[in-house]
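Please look at the sequence and the 3D structure shown here, and keep both in view while reading. The paragraphs after them give a guided tour.

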Amino acid sequence: MSPSLLDYMAMGKPVIATDLPEIRKMLKDCGLLTKPNDPKDFADKITEAIQNLDLWKGKANNARERIIRHYSWQHIAEKLERI
């Protein structure tokens, strides 16, 4: 998993990423996924994001909340204590 994906999500930045299993699992519905090696699909996703800025900002905020809920150090520490 790319640390930058987590960083972007934690900062509430919009994410357009390649649709790979681990990225799909991490991102869920908090961003847009593109077909691997498909520049046209990537361009289409950028256009979609620009045309739907409010929805896009909501996805970015949801991404930040997802990271806080599931991947923050506090959450990880609590999981480790339970184990």
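The following paragraphs go from the overall outline to individual helices, and then to charged pairs and the surface.

The model is a predicted one, in which local features need pLDDT of at least 70, side-chain atom pairs count only at pLDDT 80 or more, and totals for chains, interfaces and linings use all residues. Residues are numbered from 1 along each chain as its sequence is written, and side-chain values use heavy atoms, with hydrogens and water left out.

The secondary structure of the protein consists of five helices and two strands. Helices (H or I, at least four residues) and strands (E, at least two) are DSSP runs, numbered from the N terminus. Read from the N terminus, the order of the elements is α-β-α-β-α-α-α. Along the principal axes, the C-alpha atoms fill a box of roughly 45 × 25 × 15 Å.

How much of the protein counts as buried? Of its 83 residues, 28% do. Here, buried means under 20% relative accessible area, exposed means over 50%, and partly exposed lies in between (1.4 Å probe, protein chains only). The protein exposes about 6,000 Å², and carbon and sulfur atoms supply 56% of this area. Such accessible areas come from the Shrake-Rupley method with a 1.4 Å probe; for residues, only the protein chains shown count as cover. Contacts describe how the chain meets itself, a contact being heavy atoms within 4.5 Å. Among the contacts with a separation of 6 or more, 45% are accounted for by residues 24 or more positions apart.

Helix H3 covers residues 39-51. With 13 residues, H3 reaches 18 Å from its first C-alpha to its last, close to the 18 Å expected at 1.5 Å a residue. The expected span is 1.5 Å times one less than the number of residues in the helix. Which residues of H3 are buried? They are Asp 41, Lys 45 and Ala 49. These residues cover an arc of only 80 degrees around the axis, and therefore lie on the same side of H3. The arc is that of the directions from the helix axis to the C-beta atoms. The buried residues of H3 pack against strand S1 (16-18), strand S2 (32-34) and helix H4 (53-71). On the other side of H3, Pro 39, Lys 40, Ile 50 and Gln 51 are exposed.

Asp 41 shows this packing in detail. Its relative accessible area is 9%, so Asp 41 is buried. Apart from neighbours within four places in sequence, Asp 41 is in contact with Leu 33, Thr 34 and Lys 35. Ile 46, also in H3, is partly exposed, because its relative accessible area is 33%. The C-alpha atoms of Ile 46 and Leu 32 are 8.9 Å apart, although 14 residues separate the two along the chain.

Helix H4 has 19 residues and reaches 26 Å from its first C-alpha to its last, close to the 27 Å expected at 1.5 Å a residue. Its buried residues are Trp 56, Lys 59, Ala 60, Ala 63, Arg 66 and Ile 67. They cover an arc of only 115 degrees around the axis, which puts them on the same side of H4. The face turned away from this buried side carries the exposed residues Asp 54 and Lys 57.

Charged side chains come next. Side chains of opposite charge can pair when their charged atoms come close. A salt bridge is a side-chain nitrogen of Lys or Arg within 4 Å of a carboxyl oxygen of Asp or Glu. How many salt bridges are found in the whole structure? The search finds three. One joins Asp 19 and Arg 24 at 2.7 Å, N to O; Asp 19 is partly exposed at 27%, and Arg 24 is partly exposed at 40%. Another joins Asp 44 and Lys 40 at 3.0 Å, N to O. Because Asp 44 and Lys 40 are four residues apart in H3, about one helical turn separates them. Asp 44 is partly exposed at 37%, whereas Lys 40 is exposed at 56%. A further salt bridge links Lys 45 with Asp 41, with the closest N and O atoms 3.0 Å apart. Lys 45 and Asp 41 are both buried.

The surface also holds a nonpolar patch of about 560 Å², made by Trp 73, Ile 76, Leu 80 and Ile 83. Patches are made of residues with over 30% relative accessible area and no salt bridge: like charges are joined within 9 Å, and nonpolar side chains (Val, Leu, Ile, Met, Phe, Trp, Tyr) within 5 Å. Leu 80 lies in helix H5 (residues 73-82), and at 59% relative accessibility it counts as exposed.
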